[in-house]
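Have the viewer open and follow along.

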Amino acid sequence: MTVPRPAASGRLAPARHRLAGLCIESCMSAKKWAVVALLLGLGGVCAALVFHYVPLHDFVEYWATAHALVNRQNPYSIETIRKLQQALGWNEEQPLVLMSPPHFLPFLIPLGFMHSYVLARLLWLCLSVGMLVVAISTLWSLYGGNPDRRWIGVSVAALFFPVWHCLAVAQIGPLLLLGVVGFLRFEQRGRLFLAGSSLALTTFKPHLFYLVWLALFLWSVKSRDVRVIAGAGVSVCTAIAAALIVDPAALSQYRAVITSDYIWGYTSGSGGALRLLLEENNHLLQFAPTLPGIIALAWYWRRYRKDWQWRERLPVVLTLSILTAAYGWPFDEVVLLVAVVMIAVQCTGNAFMRRSALVWLIGNFAASLLVVLRYGDAGGMTVCATGVLTYLIFAARCKNEGNSVSV
């Protein structure tokens with residue numbers, strides 16, 4: 001008669017428990033990602049509905065510029081862009097002319113070889129969503145989030161108004177965000193030249209990041225290390241060289257459009273809100289908010305310069321820069337996901353902060369949407385950035401009172 005060995009059974013039991021636990025975790029993870037997929041699907045449907053009402057705004061700007069470039073025409077010519085956009089059904093008085101510097105032009109060239117506007121925009125949407133997901137996942141990891149909870153970061157982004165605004169009008173915010181995230185990732189790993197190369201993407205809209213570059217200059221002088229600036233400089237120069245190969249007159253063409261009266265027809269950002277509030281057409285008012293922005297950065301740098309960690313300090317500097325930029329639109333604020341994802345990670349272990357962050361996020365979405373619908377984009381951008389900065393200050397005060405959230 002053979003007697004069973006209880007020891008063997010005892011060894012198998014923990015293995016069965018572990019296998020069952022892994023199955024349960026896999027099912028839970030699958031459910032979470034199913035929720036994320038559902039949110040993205042709903043986002044695609046919403047974006048498609050928006051496309052029905054605004055099929056040309058703002059993607060037509062990139063489409064027309066790319067086709068002018070490929071056809072050896074002036075990509076910054078108001079008349080050339082007007083004709084190309086009118087052929088697509090653009091009925092506005094003014095065409096949408098590209099305001100990004102010439103080194104952005106090489107990134108648009110592939111659009112010039114696409115004949116279907118709808119297919120090009122769909123591809124642009126897919127690329128934008130992909131860049132957002134990659135950037136959010138990287139930020140979640142950078143700020144110490146649980147890898148199994150990355151879906152929270154994507155879900156939080158789905159409640160951030162600038163994300164929807166950016167996807168609806170097909171702007172380049174995801175590319176700018178990817179540049180900022182790449183800078184943080186490479187800087188954390190000590191690969192400063194690559195960090196600068198990544199941050200060079202923000203020069204496609206340099207006015208939005210003026211405080212970031214000023215802080216970077218101060219940091220480089222203090223640390224006596226110019227690798228970040230060198231990396232950015234080499235990348236920008238390489239892109240300019242590529243643009244000049246395609247369009248040798250790109251620099252003079254760009255200078256002509258930014259010195260014309262075309263740019264003054266737009267009131268955006270805090271400066272635009274100030275002009276609308278005072279009912280003044282003084283162009284200098286557009287740049288007035290940059291002065292308090294520089295003063296705020298000076299105070300922030302003086303306080304934290306001895307312990308300047310980009311991962312911790314960039315969210316505040318970036319938010320200040322966006323809030324006080326001379327020009328900007330709500331869709332540009334998608335780069336503030338750096339601060340939003342940081343907040344989301346730091347709130348996961350604090351029930352009070354988690355609830356307050358959720359209320360703030362929903363309130364910020366509603367307030368931004370209502371202000372944009374009622375007062376236009378200039379006010380909407382100011383409200384959203386102010387909301388982010390306010391929560392960062394609130395989080396810092398909570399930290400001083402003993403909570404786990406930090407700025």
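Q: Before we start, what does contact mean here?
A: This is a predicted model, so keep that in mind throughout. When two residues are said to touch, the test is on their heavy atoms. Contact means those heavy atoms lie within 4.5 Å.

Q: Which residues is Asn 364 in contact with, leaving aside its neighbours within four places in sequence?
A: Start with where it sits: Asn 364 is part of helix α17, residues 351-375. Its relative accessible area is 7%, and buried means under 20%, so Asn 364 is buried. Sequence neighbours within four places aside, its partners are Phe 160, Val 383, Cys 384, Gly 387 and Val 388.

Q: How many helices and strands does the chain have?
A: The chain has 407 residues, and 49% of them are buried. As for secondary structure, the count comes to 18 helices and zero strands.

Q: What share of the contacts between residues at least 6 apart in sequence join residues at least 24 apart?
A: Take the contacts in the chain whose residues are at least 6 apart in sequence. Then keep those joining residues at least 24 apart, and you're left with 74%.

Q: Are α5 and α7 roughly parallel or roughly antiparallel?
A: The axes of α5 (residues 117-142) and α7 (residues 161-169) come within 9 Å and cross at roughly 155 degrees. Angles over 145 degrees count as roughly antiparallel. That's why α5 and α7 are roughly antiparallel.

Q: How do the residues of the contact of α5 with α7 divide by class?
A: From α5 come Arg 121, Leu 125, Ser 128, Val 129 and Leu 132. From α7 come Val 163, Leu 167, Ala 168 and Val 169. Sorted by class, the residues of this contact are seven nonpolar, one polar and one charged.

Q: Which residues are closest to the centre of the largest pocket?
A: The largest pocket has a volume of about 680 Å³. It's lined by 32 residues, and those closest to its centre are Met 99, His 207, Ile 263, Tyr 327 and Trp 329.

Q: What classes of residue make up the lining of the largest pocket?
A: Helices α2 (59-70) and α12 (250-258) each supply at least two residues of that lining. By class, the lining comes to 20 nonpolar, six polar and six charged residues.

Q: Is Gln 253 buried or exposed?
A: Gln 253 is found in helix α12. Setting aside neighbours within four places in sequence, Gln 253 touches Asn 74, Pro 75, Tyr 76 and Asp 247. Its relative accessibility is 15%, and the cut-off is under 20%, so Gln 253 counts as buried.

Q: How far apart are the C-alpha atoms of Ala 325 and Thr 382?
A: Ala 325 is in the loop between α15 (310-324) and α16 (337-347), and it's buried with a relative accessible area of 0%. Beyond neighbours within four places in sequence, Ala 325 is in contact with His 207, Leu 208, Tyr 210, Ser 270 and Gly 271. Ala 325 and Thr 382 are 57 residues apart along the chain, and their C-alpha atoms are separated by 10.0 Å.

Q: How far apart in space are Phe 331 and Pro 174, C-alpha to C-alpha?
A: Phe 331 lies in the loop between α15 and α16 and counts as buried at 4% relative accessibility. Leaving aside neighbours within four places in sequence, its contacts include Asp 58, His 165 and Lys 205. Phe 331 and Pro 174 are 157 residues apart in sequence, while C-alpha to C-alpha the distance is 9.7 Å.

Conventions:
Residues are numbered from 1 along each chain as its sequence is written. This is a predicted model: local features need pLDDT of at least 70, side-chain atom pairs count only at pLDDT 80 or more; totals for chains, interfaces and linings use all residues. Side-chain values use heavy atoms; hydrogens and water are left out. On a 1 Å grid over the protein atoms alone, a cavity is a set of points where a 1.4 Å probe fits but cannot get out, and a pocket is an open set with protein on both sides within 12 Å along at least five of seven lines; lining residues have an atom within 4 Å of a point. Grid points are joined across faces, edges and corners, and a volume is the space filled by probe spheres set on the points. Helices (H or I, at least four residues) and strands (E, at least two) are DSSP runs, numbered from the N terminus. Ala, Val, Leu, Ile, Met, Phe, Trp, Tyr, Cys and Pro count as nonpolar, Asp, Glu, Lys and Arg as charged, and the others, Gly among them, as polar. Axes are lines fitted to C-alpha atoms, for helices over the stretch in contact, and angles run from 0 to 180 degrees between N-to-C directions. Angles under 35 degrees count as roughly parallel, over 145 as roughly antiparallel, 65 to 115 as roughly perpendicular and the rest as oblique. Buried means under 20% relative accessible area, exposed over 50%, partly exposed in between (1.4 Å probe, protein chains only).
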